[in-house]
Amino acid sequence: MADAFWGPAVPSARLARDAAAFYAAQSAFSDPSGLGRLYADLPDDPAQHACVARDLMVHRLEGEPFCQSSCRIASTTTPRRATSMNILRIIIERNNAPLTQRREVGDRFVALR
């Protein structure tokens, strides 16, 4: 699959079972707590997973040029860390649709420092 902006898709590699288990384990920064249900419909393929993430977030270096004034910025300069749980909460507070549903640019998470 090719994209006019990103170019041709890069094939994804399959991880060995032990490596996959390591990356699937939760940490203090990634534990979904009560929001784990939101992950149920996410794709297993890393390339598709990257597309889902791109449809939920805008990279902090793209925030101003990509969004101009339409994005609601979430600052990471506050004492609260930008853990995946905090980011996920912001995303679903803005739009409680399944994570696989593309968000409008103004509803995507943007972290600016």
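The model is predicted, so local features need pLDDT of at least 70 and side-chain atom pairs count only at pLDDT 80 or more, while totals for chains, interfaces and linings use all residues. Residues are numbered from 1 along each chain as its sequence is written, and side-chain values use heavy atoms, with hydrogens and water left out.

**The nonpolar core**
- The largest nonpolar core has 13 residues; such a core is a set of buried (under 20% relative accessible area, 1.4 Å probe, protein chains only) Ala, Val, Leu, Ile, Met, Phe, Trp, Tyr and Cys residues joined through side-chain atoms within 4.5 Å.
- Leu-35, Leu-38, Leu-88, Ile-91, Ile-92 and Leu-99 touch the most other members.
- Two helices (DSSP runs of H or I, at least four residues), α2 (46–56) and α4 (84–94), each supply at least two residues of this core, and α4 gives the most, with six.
- Beyond its neighbours within four places in sequence, Leu-88 is in contact (heavy atoms within 4.5 Å) with Leu-35, Leu-38, Tyr-39 and Leu-99.

**The largest pocket**
- The volume of the largest pocket is about 860 Å³.
- Tyr-23, Tyr-39, Leu-42, Pro-43 and His-49 are the closest to its centre among 25 lining residues.
- α2 gives the most to this lining, with five residues.

**An exposed residue**
- You can find Leu-61 in the loop between β3 (57–58), a strand (E, at least two residues), and α3 (63–67).
- Leu-61 counts as exposed (over 50%) because its relative accessibility is 60%.
- Leu-61 and Val-110 lie 49 residues apart in sequence and 9.1 Å apart in space, C-alpha to C-alpha.

Conventions:
1 Å grid on protein atoms, 1.4 Å probe; cavity = no way out; pocket = protein on both sides within 12 Å on 5 of 7 lines; lining within 4 Å. Points joined across faces, edges and corners; volume = space filled by probe spheres on them.
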